[in-house]
Amino acid sequence: MPEDHRPAVSVRILLAEDLGTTRSALALLLGMEPDFEVVAQVTAGDGIVDAAHLSRPDVALLDIELPGRGGLDAAADLRAEVPDCRVLILTTLGRPGYLGRAMEAGASGYLVKDGPVGDLAKAIRRVLGGETVIDPALAAAALGAAPSPLAPRERDALNASAAGATVADIAVKLSLSESTVRDHLSSAIGKTGTRNRMEAMRAARQRGWL
């Protein structure tokens, strides 16, 4: 629709997606809505807050897996630093554990990417109206899912284990002693029912706990 046919006040949208084709397609489809305007496109999680400060979006659509800072952590940052911006998680990762973490981070909605764009547009309008919007199938699955047993520091230690980091590396990154890191990793291994920290990290990610 030509720009001069748009409403005087449009819904300003920030789109965070690292896959270029997906991001471009979403921006194009959302831009066809007469009252929507995509004001920022971000490819990495650590650029989301800065982009939001510059573009002042009404709603941010965030993927979970982004380079730099993940979408769930970025959602918490946005709620703290740009509280007027609603956050809607839009991802392929339809796991109850991720849904729980998204709600804890202050997200107003959680949708999977395989839905029609018309449903996404309705969801955006609903969260701007103060509603919480959750993919129905995921909401049903979450009712029977156990909450994450991992404590925050156990999650931190597992996340820091990526790329073969040593206990000493993790201790420096988290500003903890090596013995404390070992305790956190041991506890996480026990809670995930795995044999070592790499297995624990993979199991926790599969369940949406990281």
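In this predicted model, strand S3 is joined to strand S4 (residues 86-91) by four bridges, and the two strands run parallel. Within this pairing, Leu 61 stands opposite Leu 88 in S4. S3 also pairs with S1, again in the parallel sense and over four bridges; here Leu 14 is found opposite Ala 60 in S3. The side chains of S3 point in two directions: Val 59 and Leu 61 one way, Ala 60 and Leu 62 the other, and all of them are buried.

Helix H2 (residues 48-55) contributes the buried residues Ile 48, Val 49, Ala 51, Ala 52 and Ser 55. These residues lie on the same side of H2, because they cover an arc of only 160° around the axis. An α-helix has 3.6 residues a turn, so residues three or four places apart point the same way. Asp 50 and Leu 54, on the other side of H2, are exposed. The cover over the buried residues of H2 includes strand S1 (11-16), strand S2 (36-42), strand S3 (59-62) and helix H3 (71-81). Just after H2, Arg 56 adopts a positive phi of about 50°.

The structure contains 10 salt bridges.

| Salt bridge | N to O distance |
|---|---|
| Glu 33 and Arg 125 | 3.0 Å |
| Arg 69 and Asp 77 | 2.6 Å |
| Arg 126 and Glu 131 | 3.0 Å |

The salt bridge of Glu 33 with Arg 125 ties together parts that are 92 residues apart in sequence, because Glu 33 lies in the loop between H1 and S2 and Arg 125 in helix H5 (residues 117-128). Arg 125 has a relative accessible area of 34% and is therefore partly exposed. Arg 69 is likewise partly exposed, with a relative accessible area of 34%. In the salt bridge between Arg 126 and Glu 131, Arg 126 is partly exposed at 37% relative accessible area, and Glu 131 counts as partly exposed at 39% relative accessibility.

Leu 29 belongs to helix H1 (residues 20-31). With 35% relative accessibility, Leu 29 counts as partly exposed, since that class lies between the limits of 20% for buried and 50% for exposed residues.

How values were computed
Residues numbered from 1 in each chain as written. Predicted model: local features only at pLDDT ≥ 70, side-chain atom pairs only at ≥ 80, totals over all residues. Heavy atoms only, no water. Buried < 20%, exposed > 50% of the residue type's maximum accessible area, 1.4 Å probe, protein only. Arc of directions from axis to C-beta. Contact = heavy atoms within 4.5 Å. Pairing = 2+ DSSP bridges. Salt bridge = Lys/Arg side-chain N within 4 Å of Asp/Glu carboxyl O.
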